[in-house]
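Colleague: I would like to learn how to read a protein model. Could we go through one together, feature by feature?

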Amino acid sequence: MAGLEGIDQPRGQGRATAARWTPAVEDERALKALDLFGDPTEAEVPLPSLPESAATARRLAQVVLLRHWGLGPKLTEDAVLLVSELVGNAVRHTGARAFGLRMRRRRGRIRVEVRDPSRGLPCLMPVQELDVSGRGLFLVNELSDRWGVDLLPLGKTTWFEMRAP
């Protein structure tokens, strides 16, 4: 895997494992993304509906969670993964040209929102052990404390919330 040479990977009990995200490696890129696209805590950040926008959204979430809000690596890792899943759904399933990313922190909670112009509702599907896709909302459901969809006059906002110390 590019960029992960020399980094030990976790070993599962007889099953494939994914490479672990490391915040320190991405820190410089995250700060650059914040400069280029804006701060999703101040206003919704518009991003093009392209696969590479998932990486940009992850970087924005990382810099907010770690640097601005000072949250721990585990919470940050989980939240960044969920951002990637919501963005992936917006890119793959809406046919939109762009989507918006917004992040908020309230007493003891973080909330991440992805807005797109489609009114099609996401659907939590049953997941089998060997499925190679379709796990996005399953992960959101498992790792977040709450998630949902708010319909808007022109589109929807899909969001998740997590407890934050």
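Colleague: In which helix does Leu 139 lie?

Modeller: This is a predicted model. Leu 139 lies in helix H4, which runs over residues 136-143.

Colleague: Is Leu 139 buried, partly exposed or exposed?

Modeller: Relative accessible area decides that: under 20% is buried, over 50% is exposed, and partly exposed is in between. Leu 139 has 23%, so it is partly exposed.

Colleague: Which residues does Leu 139 touch, beyond those up to four places away in sequence?

Modeller: They are Leu 81, Leu 82, Glu 85 and Ser 144. Take Leu 82: it is 57 residues from Leu 139 along the chain, yet their C-alpha atoms are separated by 7.1 Å.

Colleague: How do I read the length of a helix, say H3?

Modeller: Compare its reach with the span expected at 1.5 Å a residue. H3 covers residues 73-93, 21 residues in total, and reaches 30 Å from first C-alpha to last, close to the expected 30 Å. Helix H2, residues 53-68, has 16 residues and reaches 21 Å, close to the expected 22 Å.

Colleague: Why is H3 called largely enclosed by the rest of the structure?

Modeller: Because 16 of its 21 residues are buried. Just after H3 comes Gly 95, with a positive phi of about 70°. H2 is also followed by a glycine, Gly 70, whose phi is positive, near 65°.

Colleague: Which residue forms a salt bridge with Lys 74?

Modeller: A salt bridge needs a side-chain nitrogen of Lys or Arg within 4 Å of a carboxyl oxygen of Asp or Glu. Lys 74 pairs with Asp 78, and the closest N and O atoms are 2.9 Å apart. Both residues lie in H3, four residues apart, about one turn of the helix. Lys 74 is exposed, at 52% relative accessible area, whereas Asp 78 counts as buried, at 12%.

Colleague: Which parts of the sequence does the pair of Arg 111 and Glu 161 join?

Modeller: Start with the bridge itself: the closest N and O atoms of Arg 111 and Glu 161 are 3.0 Å apart. Arg 111 lies in strand S3 (residues 109-116) and Glu 161 in strand S5 (residues 155-163), so the pair ties together parts that are 50 residues apart in sequence. Arg 111 counts as buried at 12%, and Glu 161 is buried at 7%. Through shared partners, salt bridges join Arg 104, Arg 109, Arg 111, Glu 113, Arg 146, Asp 150 and Glu 161 into one network.

Conventions
Residues are numbered from 1 along each chain as its sequence is written. This is a predicted model: local features need pLDDT of at least 70, side-chain atom pairs count only at pLDDT 80 or more; totals for chains, interfaces and linings use all residues. Side-chain values use heavy atoms; hydrogens and water are left out. Helices (H or I, at least four residues) and strands (E, at least two) are DSSP runs, numbered from the N terminus. The expected span of a helix is 1.5 Å times one less than its number of residues. Buried means under 20% relative accessible area, exposed over 50%, partly exposed in between (1.4 Å probe, protein chains only). Contact means heavy atoms within 4.5 Å.
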